[in-house]
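Hi,

Here is the model I promised to pass on.

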Amino acid sequence: MKILVCISKAPDTTSKIAFKDNNTAFDENGVQFIVNPYDEWYALVRAIELKEAQGGSVTTITVGGADNDPIIRKALAIGADDAIRVDMEATDAFQVASEIAAKAKEGGFDLVLCGKETINNNGAVVGGMLAELLDAPYIPLATKLDVSGTTAEITRDIAGGEEVLTAQLPVVISAAKGMAEQRIPNMRGIMAARSKALNVAAPAGTEASTEVKSYSLPPAKGDCTYIDAENPAELIKKLHEEAKVI
Amino acid sequence: MSVLVFVDHHNGKASKASLEAVGYAKKVADQLGTDVAAITYNGIEGDGGVAGFGASRLHVASNITLADSGQLAKAVQAAAEAEGADVVIFSHDDLGKAVAPRAAVRLQAGLVTGVTTMPNAELEVSKNVFSGKATAHVSFKTAKKVISILPNAFGMMPSEVSTAVSTFTPEVGAAQITVKEVKTTASDGEIPLPEADLVVSAGRGLKGPENWGMIEELAQELGAATACSRPVSDIGWRPHHEHVGQTGVAIRPTLYIAVGISGAIQHLAGVNGSKVIVVINKDPEAPFFKAADYGIVGDAFEVVPKLIHALKSFKASN
Ligand SMILES: Cc1cc2nc3c(=O)[nH]c(=O)nc-3n(C[C@H](O)[C@H](O)[C@H](O)COP(=O)(O)OP(=O)(O)OC[C@H]3O[C@@H](n4cnc5c(N)ncnc54)[C@H](O)[C@@H]3O)c2cc1C
Ligand SMILES: Nc1ncnc2c1ncn2[C@@H]1O[C@H](COP(=O)(O)O)[C@@H](O)[C@H]1O
């Protein structure tokens with residue numbers, strides 16, 4: 001089974017979020033970058049588990065500049081076999097999905113996995129667009145994934161429960177919590193990653209369909225009103241009369 | 001040139017998130033001087049409750065029986081073309097996340113998801129990015145536009161428009177997905193977390209799963225859903241679907257009560273869109289107080305029972 005995992009770079013979750021150039025660009029100064037958690041913990045690890053159990057290969061793909069190479073090396077250290085980096089500064093999900101679709105068609109993959117969403121764009125868009133471009137079934141927010149023969153079996157949470165779905169390969173899946181357990185790369189993996197192929201590919205050159213004009217930070221929250229622990233009735237009163245939420 | 005809106009349904013009724021999207025679509029249509037057409041699939045009963053929210057027409061794709069994103073995207077495209085719609089609205093809920101990206105590709109439209117504002121005159125919209133730590137203001141570069149709105153961000157916007165229901169059978173091919181099994185975990189009457197207006201949430205400060213009785217009682221008295229921090233669902237004290245935060249569910253209730261949760265940045269990322277936040281924590285230095293509107297510094301095991309008691313007397317006298 002040939003598996004493609006879409007990996008993106010995200011600021012570490014504790015990073016201070018600031019903008020530059022008149023609030024049009026994210027200020028990367030002093031920011032530590034990580035593999036987007038959903039891509040790493042769930043999509044990548046489940047792909048590696050499936051390969052370990054059933055054979056095949058795991059390739060990662062990233063659309064972005066050379067500044068992505070450290071996070072790609074980390075994915076290789078965790079256990080991906082090789083990596084593709086499409087050398088392009090993508091500015092929206094349609095560009096990313098189109099570039100990945102072009103490579104996925106060349107590679108002929110059985111399974112394409114991505115994360116539920118990136119923690120910087122919070123789009124949850126790339127996987128669905130990719131599936132449409134590949135004319136493949138798409139199951140977002142999967143919490144379990146198994147493959148037997150040419151059938152994928154996927155569990156996902158729905159309102160008030162969960163559903164189990166099946167679809168014929170090739171399928172595109174976005175991974176949510178539950179699909180796998182995080183793996184920490186070991187020394188051997190880190191050494192091995194150095195000699196694995198990170199193939200830099202030229203972009204097909206898709207145009208973006210949306211554009212971020214500017215960013216802003218939310219207004220600072222007003223001060224907290226403290227209520228005496230002996231008198232929670234005061235809280236109820238305030239929620240009713242002042243905040244008007246109950 | 002109508003505005004098209006996608007409607008999902010459960011047990012024959014349009015979902016709350018969909019009705020929110022219909023109300024939003026109506027406002028966009030008013031802005032553009034046009035009307036709203038809605039599209040849904042087989043299984044809705046009558047208008048499913050869509051009437052009263054602003055859609056003049058509801059098109060039911062009668063040949064789609066399950067929520068297959070590939071088929072639904074084709075149906076949305078067919079309806080958009082029939083209605084001449086350049087703007088299509090979705091809710092950014094589970095099904096919207098599956099269908100909107102596919103529909104946008106088919107329509108050659110730009111897509112912005114998780115939108116929290118009405119479009120401005122240039123049809124630019126805003127959305128949360130960096131897990132709620134910032135807002136991005138986004139413009140479309142395409143003639144057609146797909147906007148997927150954040151659930152609970154707008155609330156219900158009723159509108160006096162009568163809705164004509166009709167069926168159609170778009171070319172959608174065969175379903176690519178088969179439902180093998182549906183497991184219900186929620187007990188009857190339990191409120192699904194992403195749709196809940198009021199949420200009571202608890203963290204590791206509660207010490208063990210046996211102590212959740214008071215949290216459930218408080219939630220029940222309020223008519224709220226329950227949620228938890230990540231470590232709590234990781235250790236298995238509570239089910240995974242209750243985990244809120246960056247890696248769990250992101251919610252935007254009108255009231256979020258956090259009991260024994262420290263307020264780590266990754267937790268806040270999933271709840272900082274709440275209208276009012278109440279924090280109950282025995283540590284006055286807990287970071288959550290910085291994000292709170294109301295705070296009680298105290299031991300949850302003493303404060304929560306008193307709060308339930310106060311709530312009961314409030315309900316009795318109101
Ligand atoms: C990449 C990443 C992603 C993450 N994603 C998430 C996420 O999505 N959601 C999430 O929640 N976390 C997430 N975390 C974990 C997060 O960083 C915190 O570790 C977690 O939120 C802490 O949970 P907690 O507040 O329940 O526990 P603790 O941090 O242990 O806090 C317990 C709190 O309870 C208080 N307390 C103790 N006893 C009492 C009492 N008797 N009465 C009242 N208060 C009491 C304490 O003062 C303390 O503030 C993530 C972490 C990482 C690194
Ligand atoms: N630049 C990128 N390169 C490769 N994969 C990406 C990129 N951006 C997003 N993805 C994948 O698409 C998923 C959803 O991203 P998004 O639509 O931006 O929320 C992520 O979890 C990744 O798996």
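Predicted model: local features only at pLDDT ≥ 70, side-chain atom pairs only at ≥ 80, totals over all residues.

In ligand 2, an oxygen atom is 2.8 Å from a polar backbone atom of A:V125; I call something a polar contact when a pair of N or O atoms lies within 3.5 Å, and within protein one must be able to donate a hydrogen and the other to accept it, with residues adjacent in sequence counting only if both atoms are side-chain atoms. A:C6 also has a polar backbone atom 2.8 Å from an oxygen atom of ligand 2, and for A:G123 a backbone N or O atom is 3.2 Å from an oxygen atom of this ligand. Of the 480 Å² of accessible area that ligand 2 has on its own, the protein covers 94% (Shrake-Rupley method, 1.4 Å probe; for residues, only the protein chains shown count as cover).

Residues are numbered from 1 along each chain as its sequence is written, chains are lettered from A and ligands numbered from 1 in the order in which they are written, and side-chain values use heavy atoms, with hydrogens and water left out.

Back to ligand 2. It has 19 residues around it, and A:C6, A:D39, A:T118, A:A124 and A:V125 come nearest (near means one heavy atom of the residue within 4 Å). β6 (57-63), α3 (93-107) and β8 (111-115) of chain A are the elements giving two or more residues to that shell, and β6(A) gives the most, with 3 residues. Helices (H or I, at least four residues) and strands (E, at least two) are DSSP runs, numbered from the N terminus. By class, the shell has 10 nonpolar, 7 polar and 2 charged residues (Ala, Val, Leu, Ile, Met, Phe, Trp, Tyr, Cys and Pro are nonpolar, Asp, Glu, Lys and Arg charged, and the others, Gly among them, polar).

Now ligand 1. Its surroundings come from chains A and B, so the site is shared between chains. An N or O atom in the side chain of B:S229 is 2.6 Å from an oxygen atom of ligand 1, and a backbone N or O atom of B:K282 is 3.2 Å from a nitrogen atom of the ligand. The protein covers 81% of the 990 Å² of accessible area that ligand 1 has on its own.

B:Q246 is one to click on. A polar backbone atom of B:Q246 is 2.9 Å from an oxygen atom of ligand 1, and its side chain joins that of B:S131 in a polar contact of 2.6 Å. B:Q246 sits in the loop between α5 and β15 (255-259) of chain B and counts as buried, at 9% relative accessibility (buried is under 20% relative accessible area, exposed over 50%, partly exposed in between, with a 1.4 Å probe and protein chains only). Not counting residues up to four places away in sequence, B:Q246 touches residues including A:T13, A:Y38 and A:I119 (contact is heavy atoms within 4.5 Å).

By contrast, B:E45, in the loop between β4 (36-41) and β5 (55-61) of chain B, counts as exposed at 52% relative accessibility.
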